[in-house]
Amino acid sequence: MERPGGIMAIVERLEEAARSLEALASQIRRGIGPAESLIENRANTAISAIADTVDHIAEALRRLRCIAEARGAKDRVVPLCVTWRALEEDGGLVLVRVKPETVISLRGGRLVFHRGNTRLEAEGRRVRLCKLSYCKEFDPADRRQIVEELPQIFYLLRGISNNVRKTLESIIVCARREAPNCTRI
């Protein structure tokens, strides 16, 4: 089945982005090691939670890909639901939700998830978690650094993972309305 150029590019980009995020989550999980103390166990929990958050974003992208494919839009800016838009910009992919303000941007291997006052950025082996203007950047494979920053990481991760889950739930609701087959991914 031949698809129009605009939607084909967006669908391919969404699939490519989901695969790269799944690879990133797998890479982050490699930082989990045997825990010999309670603090190391908590570090493993933090690493796992970060990887799960990235996995949820990948799942959201797969559902949006399915919705885009089902809708068959023809424009450069693809309306996926009432409030979601997907567009290619500067060689990357940007997904925008109008209300509540949510942006998922993927450019050159760099992920930025922004919703409300929280932001998650991931590129290569670095992860940056932010709430308002307070940010922590670290390498999930560096357990020593995670152990040192554990309270701050959990403080930031709580809001980010909650916002990612809310975003995924909103996309599932969108899929029920726009493309019921996409709810079974």
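Colleague: What volume does the largest pocket have?

Modeller: This is a predicted model, so to speak: local features need pLDDT of at least 70, side-chain atom pairs count only at pLDDT 80 or more, and totals for chains, interfaces and linings use all residues. Residues are numbered from 1 along each chain as its sequence is written, and side-chain values use heavy atoms, leaving out hydrogens and water. A pocket here is an open set of points on a 1 Å grid over the protein atoms alone, where a 1.4 Å probe fits, with protein on both sides within 12 Å along at least five of seven lines. Filling the largest one with probe spheres set on its points, joined across faces, edges and corners, gives about 240 Å³.

Colleague: Which element gives the most to the lining of the largest pocket?

Modeller: Lining residues have an atom within 4 Å of a point, and this pocket has 18 of them. With six residues, the top contributor is H1.

Colleague: Is Glu121 buried or exposed?

Modeller: Glu121 sits in strand E6 (residues 118–123). Its relative accessible area is 13%, and the cut-offs are under 20% for buried and over 50% for exposed, with a 1.4 Å probe and protein chains only. So Glu121 is buried.

Definitions and conventions
Helix = DSSP H or I, 4+ residues; strand = E, 2+ residues; numbered from the N terminus.
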